[in-house]
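I opened this structure for the first time today. These are my notes, in the order in which I looked things up.

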Amino acid sequence: MSTPGQASPFRAGRLGLAFSAGLVFAAGLVVSGMTQPLKVMGFLDITAINKGAFPGLWDPTLAFVMGGAVCVTLLAFAWTQRLTPSPLFDPQFDEPRQNQIDVPLIGGAVLFGAGWGIAGYCPGPALATALLSVDALIFTGAMLAGMLICKSFLRKKTSPES
Amino acid sequence: MFANLHPYFIAAIGGVLIGLASWLLWWGLGRIAGVSSITSEVLSAPANPDNWRWAFLAGLIIGGCLLGQGLDIPSLPTRPLYLLIPAGLLVGFGTVWGSGCTSGHGVCGLGRLSVRSLVAVGTFMATGMIAVTLMRGAA
């Protein structure tokens, strides 16, 4: 854990690295076309595959985005922990521990997918273009509200006595 | 600069950049680059002294702003407000309830070979496709 008392080069390294990761992530979203909601909807519009010669009016471009990204993360998650016992700026790798397939997982994915299909924005592209597009800004505001609503809903469920 | 490359190839380059950013966060901080989780944790503990999440989000927003400027990002509403706002609420609620979005479950979860994430990705892709099909002509 990083605490306020920690050596400042370590802290600066953490922040600088996280900031750089955000920058590269944004570059990838912009270059790939993920920040264009119409392109996202064109990809999700799978039934258009029947309209004309393959792939019809369906736009498969975004499958290449996920393909390119997952090629890299497959290597990342297979190799990093063999190359280094701990991350550069953290005592340990924070591996997700949950592995059960449950109602929140499926229910959440159903709702998220529905919203993604309606507006063409998922959280990364919405934030990355929030200062460029009024649409993205309004969507982001609603998304943050949805997150807070879900958080308070989950808090009530887990602590019924309070 | 990409004018003479095939659009699928450019998309894959963008995907590789997203993957490299996720690798950078894993290698440097040992954290999953899940945009919805990072955002919702900043919302619930904005004053957390370990503020790498704020730094990541700042990079994402500033990077998008700088790099996206020359591109053709639609500024006119592609969807009217009565669709845009409910869609945002659904995405926010759904990603917190389901613990991830396209980056956390998609880019990172699939890279980790997580069955849980694979199920989530299959589910949100399916409902996304259904939503687009049902909404065709709605706006």
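Entry 1. In which loop of chain A does A:Pro55 lie? I found A:Pro55 in the loop between helix 2 and helix 3 of chain A. A cis peptide bond, with omega about 0 degrees, joins A:Phe54 and A:Pro55.

Before going on I noted the ground rules. I am reading a predicted model, in which local features need pLDDT of at least 70 and side-chain atom pairs count only at pLDDT 80 or more, while totals for chains, interfaces and linings use all residues. Residues are numbered from 1 along each chain as its sequence is written, and chains are lettered from A and ligands numbered from 1 in the order in which they are written. Helices (H or I, at least four residues) and strands (E, at least two) are DSSP runs, numbered from the N terminus.

Entry 2. I looked at chain B as a whole. Chain B has six helices and zero strands, and along the sequence its pattern reads α-α-α-α-α-α. Of its 139 residues, 55% are buried. I call a residue buried if 20 or more other C-beta atoms lie within 10 Å of its own, exposed if 12 or fewer, and partly exposed in between, with C-beta atoms placed from the backbone. Two residues are in contact if their C-beta atoms, placed from the backbone, lie within 7 Å. Among contacts in chain B between residues at least 6 apart in sequence, 47% join residues at least 24 apart.

Entry 3. I turned to where the chains touch. Ala, Val, Leu, Ile, Met, Phe, Trp, Tyr, Cys and Pro count as nonpolar, Asp, Glu, Lys and Arg as charged, and the others, Gly among them, as polar.

Entry 4. I followed helix 1 of chain A across to chain B. Helix 1 (residues 8–32) of chain A packs with helix 1 (residues 7–29) of chain B at an angle of about 165 degrees, and their axes are 7 Å apart. That makes the two helices roughly antiparallel. Angles under 35 degrees count as roughly parallel, over 145 as roughly antiparallel, 65 to 115 as roughly perpendicular and the rest as oblique. Axes are lines fitted to C-alpha atoms, for helices over the stretch in contact, and angles run from 0 to 180 degrees between N-to-C directions.

With helix 3 of chain B, helix 1 of chain A makes an angle of about 35 degrees, with the axes 7 Å apart. By class, this contact has 17 nonpolar, six polar and one charged residues.

Entry 5. I checked helix 3 of chain B itself. Its buried residues include B:Trp52, B:Arg53, B:Phe56 and B:Leu57. The buried residues of helix 3 of chain B pack against helix 1 and helix 5 (123–128) of chain A, together with helix 1 and helix 2 (35–44) of chain B.

Entry 6. I looked at helix 2 of chain A. Six of its eight residues are buried, namely A:Pro37, A:Lys39, A:Val40, A:Met41, A:Phe43 and A:Leu44. They pack against helix 3 and helix 4 of chain A together with helix 6 (115–135) of chain B.

Entry 7. Is A:Phe64 buried or exposed? A:Phe64, in helix 3 of chain A, is buried, because 22 other C-beta atoms lie within 10 Å. Leaving aside neighbours within four places in sequence, A:Phe64 is in contact with B:Tyr8, B:Ala11, B:Ala12 and B:Gly15.

Entry 8. I ended with two loop residues of chain B. B:Ser99, in the loop between helix 4 and helix 5 of chain B, has a positive phi of about 55 degrees although it is not a glycine. With 22 C-beta neighbours inside 10 Å, B:Ser99 counts as buried. B:Leu113, in the loop between helix 5 and helix 6 of chain B, has a positive phi of about 60 degrees and is not a glycine either. B:Leu113 is exposed, with 12 other C-beta atoms within 10 Å.
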